[in-house]
Amino acid sequence: MYKCKEIIELTSKNMETSLPWYTRMEMQAHFLICKTCLRYAQQLAMMQKALGVMHGHTVSCQLPEAAKHRIAKKLQQVKENAEK
Amino acid sequence: MAQTDTLPENWLNDYGDLLYRYALIRVRSEATAEDLVQETLLAGLQSFDRFSSQSTVRTWLVGILKHKIIDYFRKNRHEITTLNDDETAEDILAYQFDQQGNWKINLIEWGTPEKNMHDEQFWVAFNDCLSRLPQRMADILLLRTVDGLETEECCALLGFETDNQLWVTLSRTRVKLRLCLETNWFSKE
C-alpha cells in the first residue's frame, strides 16, 4: 500500500514514463478512497495543460525598444552583407 | 501573392515581443533573451527558402527559437549533481505531509481549466510562480514538458545520473509550483 506522499511522486512519474500496470491499478484504487490525492492528480494535469499552452498567452512584457533597434541594425547588416 | 506575415522585414515588429517573452521565461536574463531573439530571426532569414507555407511564420519562428533555447542549455550545462536545499523541497514536503506520509493540508478546489486559462491574470500568476522556482527546477520542468526533450537528454543536460533522479526532481518541482499557484492564485477569492 502506497502512502499519499508516494502517490504524489508516482503521479508525476506517470507523466514521464509508463508505469507497470499493477502500479497504475494501485494508484487508481488509492484515488478511489483518497480525495486529496485525486485532487492533486487533477491539479497536476491542469498544470501540465497550462505549461503546454502558456506561450500562447500574453503577459505584459515586451522586447525593449533599445533591444529592438540593436536587432534591427544587426539584421540590416547581415542583409547588406548578403547582397554584396 | 505573398502574405504580409511572410515578409521578413515585418518579423521583428510582428513577432519580436512574442519571441522575447518566450525566451525570457526560459533564460531569465534580458541580454540572453535578446541574443536568442536575434539569433532566431537571423536563422529565420537565412533559411526562409525552406519555410513551408503549411505552417505559419509565427509557429515556424517559435520552432527555431525552441532549438536555440535547447542549444543554449547544451552550451551552458548545469553541472550540479547534488541538489541544493531549495531543490529538495523538503520544507514543502514536511509542510504537506506528516511523518507517516499522509496529507496534513487540504487542497482547495481549482475550478475548471477553461475558467482559469481564459483569465489574463492567471497567466501573470503562472509566470510569476515559474520564475520563483529555483532556476534548475524550472529549466528541467520546461525542457521536459514544453520542449519535449527526451528523458535521457534531460539527464545529460542537467547532470542527473539516473532517470529516477530526474523524476524525483520533477515531482518536487510540481509540488512547489502547485503550492505557489494555490497560494498566489487559487486562494484569492
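**Helices, domains and the chain contact**

Okay, let's start with a pair of helices: helix 2 of chain B and helix 3 of chain B are oblique to each other. On that scale, angles under 35 degrees are roughly parallel, those over 145 roughly antiparallel, 65 to 115 roughly perpendicular, and the rest oblique. Helices here are DSSP runs of H or I with at least four residues, strands are runs of E with at least two, and both are numbered from the N terminus.

Before I go on, this is a predicted model: local features need pLDDT of at least 70 and side-chain atom pairs count only at pLDDT 80 or more, while totals for chains, interfaces and linings use all residues. Residues are numbered from 1 along each chain as its sequence is written, and chains are lettered from A and ligands numbered from 1 in the order in which they are written.

Back to our pair. The axes of helix 2 and helix 3 of chain B cross at roughly 125 degrees and come within 9 Å. Those axes are lines fitted to C-alpha atoms, for helices over the stretch in contact, and angles run from 0 to 180 degrees between N-to-C directions. The crossing of helix 2 and helix 3 of chain B is right-handed; that's the near helix turned clockwise from the far one by less than a right angle, with anticlockwise being left-handed.

Which residues of helix 2 and helix 3 of chain B make the contact? Helix 2 of chain B brings L36(B), E39(B), T40(B), A43(B) and G44(B), and helix 3 of chain B brings L61(B), I64(B), L65(B), K68(B), I69(B) and Y72(B). Contact means C-beta atoms, placed from the backbone, within 7 Å. By class, that's seven nonpolar, two polar and two charged residues, where Ala, Val, Leu, Ile, Met, Phe, Trp, Tyr, Cys and Pro are nonpolar, Asp, Glu, Lys and Arg are charged, and the others, including Gly, are polar.

Now another pair: helix 8 (residues 135-145) and helix 9 (residues 151-158) of chain B pack at about 155 degrees, axes 10 Å apart. So helix 8 and helix 9 of chain B are roughly antiparallel to each other. Their crossing is right-handed too. R136(B), D139(B), I140(B), L143(B) and R144(B) of helix 8 of chain B meet C154(B), L157(B) and L158(B) of helix 9 of chain B.

Zooming out, chain B is assigned domain 1 (4-75) and domain 2 (85-186), with bounds from an automatic or database domain assignment. The domain centres, taken over C-alpha atoms, are 27 Å apart. Eight residues of domain 1 of chain B touch 10 residues of domain 2 of chain B. Helix 3 of chain B gives the most to the domain 1 side, five residues, and that side has four nonpolar, no polar and four charged residues.

How many residues does each chain put into the contact of chain B and chain A? It's 40 from chain B and 36 from chain A. On the chain B side, helix 10 gives the most, eight residues. That side divides into 24 nonpolar, 10 polar and six charged.

Last, chain A: four helices, zero strands. Its radius of gyration is 24 Å, while a compact globule of 84 residues would have one near 12 Å; that's over C-alpha atoms, with the globule rule at 2.2 Å times the number of residues to the power 0.38. Along its principal axes, the C-alpha trace of chain A spans about 70 × 30 × 15 Å.

Notes:
Two residues are in contact if their C-beta atoms, placed from the backbone, lie within 7 Å.
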